[in-house]
Amino acid sequence: MNRRSRLHVPRVPARPGEAPDFSYVDLSPAGAVARPDVNARARDISFLAVELVRVLDDNGEALGPWHPHLDVHELQLGLRHMLLTRVFDDRMQRTQRQGRISFYMRSLGEEAVSVAQAMALRPGDMLFPSYRNQGVNIVRGRPLVDLMCQLLSNTRDMCKGRQLPVMYHWVAGNIFSISGNLATQFPQAVGWAMAAAIKGEDHIAASWIGEGSSAEADFHHALLFASVYQAPVILNVVNNQWAISTFQGFAGGEQRSFAARGPGYGIAGIRVDGNDFLAVYAVTQWAAERARTGAGPTLIELVTYRASAHSTSDDPARYRPKDDFDRWPLGDPIARLKQHLIRLGEWSEQRHLALSAELEELVAANWKEAVTYGMLNEGPRLNPDLMFDDVFKELPPHLQRQREQMRAEIAKKD
Amino acid sequence: MSEQINTIQALNWALDDAMAADTNVVLFGEELADGEGGGVMKVTAGLSTKYGARVRSTPISEMGFTGAAVGAAVAGLRPVIEIMLMNFVAVCMDQITNHAAKLRFMSGGQTHVPMVIRTMTGSGFQTAGQHSDFLEAWFCHTPGIKVVMPSNPADAYGLLRASIDDEDPVLFIEHFPSYWNPGEAPKRGVSIPLGKARRVQAGSDVTLIGYSRSMLDIPVVAKKLEAAGVSCEIIDLRTVSPLDMETILTSVKKTGRAVVVHEAVRSFGVGAEISARIHESLFRELKAPVERVASQDCPVPFAKQLETAFLYSHADIEAAVRRTLA
Ligand SMILES: Cc1ncc(C[n+]2csc(CCOP(=O)(O)OP(=O)(O)O)c2C)c(N)n1
């Protein structure tokens, strides 16, 4: 017997040129996982952190206790929001490739996460998203032109040219500022939820984080605070398998599901098929009801796949097989909901094509308007004075002085 | 003689009155509630009994409660958090400098974070380099957050009230070695405006500028110099960032000489900034270069002899003044 200590390095299932391998993803059959009462105690429902809640089977049939029995119009609306998210993403990606915006991040393959979750929440609930949750803006009805103006940092940019493209903020829509440092929104969401509870409101908070970012300390502090104060919050880990080029195993996903971090902190943890619109909706609704009725926070792991590159600056061909997404066992969220609706007799290929064309046009029209407020290198320009506003509520004397000096310099150049 | 109280009492009054005046004021921090002792220094004693859940003892997780306070401020509360000792800000620096301080700006003015971060520090109690640094310069170098540093009980009260009412985040740094020093009691309900220095004493030969701890030392040295025929004007900054340059420049224009004194280490400090700004504005009117008196550029040492030698002495202040007069 020769047992020695050893260093374990997480295994990456397949590298470029190898056959995709998803044998590591634990699946449960659609409809197979029990749906506990919303008031169940976290410690009594730890199976939810290990199983995978699924409603839609491979044929598009909705099965089991998590079936949310949504109205057909609600399903069609969900499909529309997801498709619009994708069309918008594709258009912005192309726009970046043409050099008309500087940077972009798509949510391809993950649209059900933002769309189904935002639809399952109420408008007064506060959302603390990550940079891959553009779908929440679409569900809440933010005009696309506003998002585009932010991407262009033009004169109608909601962030006034002070923040990276895609880091939107929408105070009126209850969507919080996206952070350039990963994971910071998690403790903030918990604090917002604590405040709502202190004020006796029934609004809840929801936040999203990538599985890679769950390695940050903020994630753990947030879970601890949520647990200690039983804050009315939904904490979502979007496990899309990749953090840029780092496989999820390096964030600890190899040993235990991300949902299982929840029971570790005394919080309900639940693992859901993130590409199944119905399952995501149902699980979010369940978690929201828990939060709203004082049953405490929930950690949801949404199992999905980042089908696109991390951003316009990334090339996944360097680190994973090209045909990975084609073999992903949970499929494409849009295709799956479409299949379900067709099965119900409430959708068709023709209607789908017509909807795509309509949304393409909508996006194009919004872009046309957005560029009238300024483009990267032409058209109306932001006033450099803007850099002195909003540092503080009131402009302090030293900033007044710096602004005057800058104005004088600019006047000299003109 | 008017009523005398100490800084602990003054801070407690300020928090109590602010909580009574505005139900959105909440306190987060380690050991704050009465069940946990009402704060390490008892600053929050009695408040949880009076205000219940609005005073929260938290887990030992500065990043957790600072982040939560940012979220609570965005939700419309006015959190006042306590970081037990100033050095511990290092573990929640991101939430303070990248979030609380920047959200108004980076959201295009859509949101803001009206929170107060109370913390305390100061050498002299042999608590060494991870428990007694003055780190105000880190935050003065961060646009978007105000830095307030009171030097006596009445100022502690008035400045804390103003900080809680302010719409921007405020770092409120208390000098704990002088917590128990008695001083004139504040007028309850009256705030002291932020961003305004106080001329403590008028004089004609030299302007002595300080804040927090150094305001204990400057008047003593000034008195001695006065006896030797040197007339000192004394300015207590109260708010270190943004700086009240108007008060400073008005004074130095008159005296032609300035000495800045702080407990924080000398290099890249608040003294350097004030000195630079005085030189930029009054170079031709100065009778001598601006002098800085500060601590040595090393971490606060532990051993008593070292700790004493780390901090400037009264003799250092006097020598600096004399250099400006030479
Ligand atoms: C504190 C911090 N560290 C590192 C980065 C750089 N970074 C940006 S995105 C990213 C990957 C995050 O991956 P994940 O959390 O899985 O989210 P996903 O992109 O897959 O949605 C990294 C490392 C950052 N922005 N902030």
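This is a predicted model: local features need pLDDT of at least 70, side-chain atom pairs count only at pLDDT 80 or more; totals for chains, interfaces and linings use all residues.
1. In soluble globular proteins, nonpolar side chains tend to be buried together.

2. Once its neighbours within four places in sequence are left aside, V233(A) is in contact with A189(A), V190(A), A193(A), I204(A), A205(A), A206(A), A226(A), A291(A) and P297(A).

3. The secondary structure of chain A comprises 12 helices and 7 strands, and its C-alpha trace spans about 80 × 55 × 50 Å along the principal axes. The radius of gyration of chain A is 22 Å, which agrees with the value near 22 Å that a compact globule of 414 residues would have. Buried residues account for 50% of these 414 residues, and of the contacts in chain A with a separation of 6 or more, 76% are between residues 24 or more positions apart.

4. Chain A is assigned two domains, with domain 1 made of the two segments 42-309 and 325-372 and domain 2 covering 388-413. Their C-alpha centres lie 40 Å apart.

5. In chain B there are 12 helices and 14 strands, and the C-alpha trace of this chain spans about 60 × 45 × 40 Å along its principal axes. For 326 residues a compact globule would have a radius of gyration near 20 Å, and the 20 Å of chain B agrees with that expectation. Of the 326 residues in chain B, 57% count as buried, while residues 24 or more positions apart account for 78% of its contacts with a separation of 6 or more.

6. The domain assignment of chain B gives domain 1 as 4-184 and domain 2 as 198-325, with C-alpha centres that lie 26 Å apart. Between them, 23 residues of domain 1 are in contact with 24 residues of domain 2. On the domain 1 side, helix 6 (136-140), strand 6 (146-148), helix 7 (153-165) and strand 7 (170-175) of chain B each give two or more residues, and helix 6 gives the most, with 4 residues. The residues of that side divide into 11 nonpolar, 8 polar and 4 charged.

7. Where the two chains meet, 39 residues of chain B are in contact with 36 residues of chain A. By residue class, the chain B side divides into 18 nonpolar, 15 polar and 6 charged.

8. The ligand has 15 residues around it, of which L182(A), G210(A), G212(A), S213(A) and A243(A) come nearest. The shell as a whole divides into 5 nonpolar, 7 polar and 3 charged residues.

9. Q241(A), in the loop between strand 3 (233-239) and strand 4 (242-243) of chain A, has a positive phi near 75°, but Q241(A) counts as buried because it has 22 C-beta neighbours inside 10 Å.

10. In chain B, a cis peptide bond joins S241(B) and P242(B), with omega about -5°, and P242(B) is found in the loop between strand 12 (239-241) and helix 9 of that chain.

11. G46(B) lies in the loop between strand 2 (25-29) and helix 2 (47-51) of chain B, and counts as partly exposed because it has 14 C-beta neighbours inside 10 Å. Leaving aside its neighbours within four places in sequence, G46(B) is in contact with D34(B) and G38(B).

Note on methods: Residues are numbered from 1 along each chain as its sequence is written. Chains are lettered from A and ligands numbered from 1 in the order in which they are written. A residue is near a molecule or strand if its C-beta atom, placed from the backbone, lies within 6 Å of it. Ala, Val, Leu, Ile, Met, Phe, Trp, Tyr, Cys and Pro count as nonpolar, Asp, Glu, Lys and Arg as charged, and the others, Gly among them, as polar. Two residues are in contact if their C-beta atoms, placed from the backbone, lie within 7 Å. Domain bounds come from an automatic or database domain assignment. A residue is buried if 20 or more other C-beta atoms lie within 10 Å of its own, exposed if 12 or fewer, and partly exposed in between; C-beta atoms are placed from the backbone. The radius of gyration is taken over C-alpha atoms; the globule rule is 2.2 Å times the number of residues to the power 0.38.
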